[in-house]
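Work through the exercises below with the sequence and the model open. Each task is followed by a stepwise solution.

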Amino acid sequence: MTTVRQRRVGKGTEAAEDQPSEETNVKPDGKIPSGPTGGKLWNILSITVGGIFAISLGLLTSVYVATLHENDLWFSNIKEVEREISFRTECGLYYSYYKQMIQAASIQQGLHGLVYDNKTESVRTINILERMNVYQEVFLSILYRILPIQQYLEPVYFYIYTLFGLQAVYVIALYVTSWLLSGTWLSGLLAACWYITNRVDTTRVEFTIPLRENWALPFFAVQIAAITYLLRTHLQPVQERLTLMAVFIATFLFSLTWQFNQFMMLIQALALFILDSLDMLPTAKVTWLYIIQISGLLLVCVLQFFNSMILGSLLISFNFSVLIARTIQKNLKKGGLLNRLGKLILHVLLVLCLTLLINKFIKKILNLESDEHIFKFLKAKFGFGATRDFDANLYLCEEAFGLLPLNTFSRLSSTLLFYAYGFVLFLLTVAAVIVAFRNLSGSNQVQLKEKMEEYTVTLKPDAAYSLVHTVLFGCLALSTMRMKYLWTSHMCVFASFGLCSTEVWKLILKCLHLYTSQRTQVIKYSIPLITLLYISFKFWPGIMDELSELREFYDPDTVELMNWIKSNTPNTAVFAGSMQLLAGVKLCTGRTLTNHPHYEDKNLRERTKQIYQIYAKRSPSDVYGILRSFGTDYVILEDSICYERRHSRGCRLRDLLDVANGHIMDGLGENEPDLKPSLYPRFCEEIKKNLPSYTVHFTRVFQNKTFHVYKLAKHK
């Protein structure tokens with residue numbers, strides 16, 4: 001099991017032209033420069049200073065996470081096999097394709113090896129570019145080969161520095177989004193500082209570098225920044241076209257780098273649908289965003305050799321359904337309150353029915369079952385019936401797919417982020433409800449607007465989108481902890497925007513009958529500055545202590561195993577074991593696998609369940625037959641799985657297998673009445689006794705404190 005230990009000493013646009021005039025040309029001290037020349041110069045100076053802060057904070061974040069990674073593992077000093085082992089589980093699998101491309105005799109041979117891969121899944125040839133989102137590894141390996149840097153930079157450093165560099169893009173995108181929403185770069189500064197000080201809950205890049213989300217989320221943040229700019233009013237046609245192009249490129253790159261892109265963009269499409277239905281966004285721009293999502297995903301589908309999981313995605317079905325329903329219901333946004341509500345309910349039902357019909361039709365035509373495990377998991381998670389499905393329970397029992405722990409909120413509150421977020425969320429939710437009711441009731445007519453201009457609650461389209469975006473992704477994060485990084489990063493943007501927003505403070509002061517323009521400006525700048533000072537004084541010493549703490553990678557058992565495999569087994573040997581371990585076997589040794597952690601394939605899921613019978617109560621002949629059917633030469637058993645204590649009873653891997661096989665579970669506790677005792681003892685325990693019924697099929701060839709490797713007999 002991989003651990004770390006204490007290191008031993010030894011080896012050596014501020015406010016743009018389309019913002020309200022009240023926000024334009026305002027100094028941080030609340031004074032407005034006199035004269036058009038002074039205002040223009042101040043704008044240029046402010047944008048320059050804000051841009052410098054954005055780039056500086058982005059680069060500092062990259063250096064910060066890179067330093068943490070180095071200090072935690074002593075990455076520059078450990079051996080290559082230890083570096084590769086540090087890429088745990090699926091991270092190691094993805095990095096192995098980068099390594100494979102680097103080591104190939106030519107780029108063409110490397111690509112051929114990926115398209116016709118027979119080492120990732122034994123007795124089967126698969127197309128890696130079709131099955132997995134690894135184009136980033138392909139691009140990076142080609143870039144490394146053609147650039148004159150081989151003598152100065154090792155491939156692994158080129159890879160990890162690229163990922164750490166993307167963190168700079170991520171922070172700059174968050175900074176710019178907050179700046180665009182509030183009209184002041186001070187908001188962006190606060191958002192970036194919150195992102196850094198809440199690092200534990202905003203990113204995990206420093207210890208899961210090759211994970212797909214670390215590639216994708218920076219592009220998602222860029223896309224949100226571009227959408228925020230697109231939703232502003234009074235854009236020139238050229239600005240709008242360029243912004244749409246930026247949204248498309250960011251959407252395409254996000255979709256290309258993460259297999260869960262379709263689910264994230266479905267939530268985004270739901271946000272657009274809600275706001276468009278409530279007349280809070282311009283319909284034309286929303287239509288363009290639907291089209292961009294579809295076209296970006298279809299382009300990725302082409303690059304992934306027409307991956308059927310993309311074609312059968314709910315996102316494509318939903319977006320097409322919305323566009324069709326809108327064509328059918330042309331007078332959706334006309335009439336009084338009751339009329340509009342009736343039309344809206346019919347519209348929602350029509351879109352829902354069309355989505356299900358289109359999606360079912362596509363899946364029927366393509367015979368698509370790749371994503372069925374996700375829907376089984378969701379059905380079980382939200383209480384629509386208990387399940388004995390092995391794949392669904394495997395997800396349900398993982399902490400990462402459980403509810404968001406409550407201690408997350410205490411950490412976010414310690415930086416004042418959660419308090420600020422809750423405050424802004426409440427105010428803007430109230431404003432959104434008022435605006436939505438006014439829109440639906442038809443009371444937003446021009447004459448009434450002019451009459452009540454002084455008191456009417458307003459919500460700009462970009463702020464409305466940010467509100468619904470954060471609410472929907474917040475619900476996702478609360479239900480599934482692994483998805484919290486999509487929420488917490490935007491939480492930094494949303495909270496900082498609210499604290500620096502003229503509209504928010506204007507609304508509060510008007511409600512308290514204390515509104516003046518000068519008072520609004522003073523509060524708008526003083527509250528964020530006080531918050532920044534608090535964060536700096538409280539967390540700067542902790543960050544410095546964190547950067548000075550030195551540790552060292554330490555996992556001698558896994559290192560010993562990988563070295564033994566490389567030295568004592570043929571290059572063509574096929575290994576079976578847990579998904580997580582086998583990803584490391586492929587990366588460190590290049591041996592062929594029976595299964596791996598990329599779970600988005602029905603055949604692989606069935607294969608993994610069969611391989612995992614090594615931890616179930618099965619006869620030695622049954623296990624041998626299963627393993628040999630996949631061409632297995634060696635099987636690796638792990639004590640940490642066989643005698644697992646990390647999960648409670650009912651969630652241990654052996655329990656999931658017992659229930660799926662209809663056997664009662666080990667230990668004290670209840671069992672479902674139809675479960676029966678197995679006729680055989682647990683394979684992973686019994687094989688260690690060297691009984692004749694086991695030794696006829698399996699011979700132990702390697703053993704240490706953690707792993708046991710058995711060679712399978714070659715019976716005729």
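**Exercise 1.** Determine how α16 and α20 are oriented to each other.

Solution. The two helices are roughly perpendicular to each other, a class that covers angles of 65 to 115 degrees (under 35 is roughly parallel, over 145 roughly antiparallel, the rest oblique). Helix α16 spans residues 337-366 and helix α20 residues 417-441; they pack at an angle of about 100°, with their axes 7 Å apart. Axes are lines fitted to C-alpha atoms, for helices over the stretch in contact, and angles run from 0 to 180 degrees between N-to-C directions. Helices are DSSP runs (H or I, at least four residues), numbered from the N terminus.

Next, list the contact, meaning heavy atoms within 4.5 Å. From α16 come Leu337, Arg340, Leu341 and Leu344, and from α20 Phe437, Asn439, Leu440 and Ser441. Sorted by class, this contact has 5 nonpolar, 2 polar and 1 charged residues. Here Ala, Val, Leu, Ile, Met, Phe, Trp, Tyr, Cys and Pro count as nonpolar, Asp, Glu, Lys and Arg as charged, and the others, Gly among them, as polar.

The model is predicted: local features need pLDDT of at least 70, side-chain atom pairs count only at pLDDT 80 or more, and totals for chains, interfaces and linings use all residues. Residues are numbered from 1 along each chain as its sequence is written, and side-chain values use heavy atoms, with hydrogens and water left out.

**Exercise 2.** Classify the packing of α11 and α12.

Solution. Helix α11 (residues 237-257) packs against helix α12 (residues 261-277) at an angle of about 140°, and their axes are 8 Å apart. That makes α11 oblique to α12. Thr251, Phe254 and Ser255 of α11 meet Asn261, Met264 and Met265 of α12. The contact divides into 3 nonpolar, 3 polar and no charged residues.

**Exercise 3.** Is serine 122 buried or exposed?

Solution. Serine 122 sits in the loop between α4 and α5. Its relative accessibility is 2%, so serine 122 counts as buried.

Methods
Buried < 20%, exposed > 50% of the residue type's maximum accessible area, 1.4 Å probe, protein only.
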